[in-house]
Amino acid sequence: MTGLSELKRDMAVTHDEFYRLIAKTISNSELIIFDKINSSVSFPFSKGEIHISLEEQKIRRIASMKIDYTPMNFIFKNLSKGEKQSYLQKFDITFQKGGG
């Protein structure tokens, strides 16, 4: 176990998309604690905990295209490197858009 580790990512999702999809990233979605006032979720994972907070939704412009994105902060508590990688793999598959 590693105690506490953090990860920051920009994800091409809106807050609404995030809240709709996050439940698919763990086997028992009833354990997720939603805090929409503070734009965050927390849930147990393995023998630790994961906390994800969302920053303000933004728009990235690429030529004439506009893409919504949300900066996210992940906090992993008492998870091994393998457990973090396992969760992030499921998270990435769940939030993948478009083609493969």
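Are phenylalanine 43 and tyrosine 87 buried or exposed? Both are buried, where buried means under 20% relative accessible area, exposed over 50% and partly exposed in between (1.4 Å probe, protein chains only). A note before the close-ups: this is a predicted model, where local features need pLDDT of at least 70 and side-chain atom pairs count only at pLDDT 80 or more, while totals for chains, interfaces and linings use all residues. Residues are numbered from 1 along each chain as its sequence is written, and side-chain values use heavy atoms, with hydrogens and water left out.

View 1. Helix 2 covers residues 81-95; helices (H or I, at least four residues) and strands (E, at least two) are DSSP runs, numbered from the N terminus. Its 15 residues should span 21 Å at 1.5 Å a residue (the expected span being 1.5 Å times one less than the number of residues), and the end C-alpha atoms agree at 21 Å apart. Buried here are Glu83, Lys84, Tyr87, Leu88, Phe91, Thr94 and Phe95. Down the axis of helix 2, these buried residues fall within an arc of 125 degrees, so they line one face; the arc is taken from the directions from the helix axis to the C-beta atoms. Lys81, Gln89 and Ile93 are exposed on the other side. The buried residues pack against strand 1, helix 1, strand 3, strand 4 and strand 6, with contact meaning heavy atoms within 4.5 Å.

**View 2. Tyrosine 87 and its ring partners.** Rings of Phe, Tyr and Trp (its six-membered ring) pair if their centres lie within 6.5 Å; planes under 30 degrees apart count as stacked, over 60 as edge-to-face and the rest as tilted. That rule gives nine aromatic pairs. Phenylalanine 43 and tyrosine 87 have ring centres 5.6 Å apart and planes at 50 degrees, so this pair is tilted. It joins strand 3 to helix 2, across 44 residues of chain. Tyrosine 87 also makes a tilted pair with phenylalanine 91, at 6.1 Å centre to centre and 45 degrees between the planes.

**View 3. Charges over rings.** Lysine 36 lies over the face of tyrosine 19, 4.9 Å from the ring centre. Likewise, the charged end of arginine 60 sits over the ring of tyrosine 69, 4.0 Å from its centre. The test: NZ of Lys or CZ of Arg within 6 Å of the ring centre and within 35 degrees of the ring normal.

**View 4. Serine 39 in its loop.** Serine 39 sits in the loop between strand 2 and strand 3, with a positive phi of about 50 degrees. Its relative accessible area is 16%, so serine 39 is buried.
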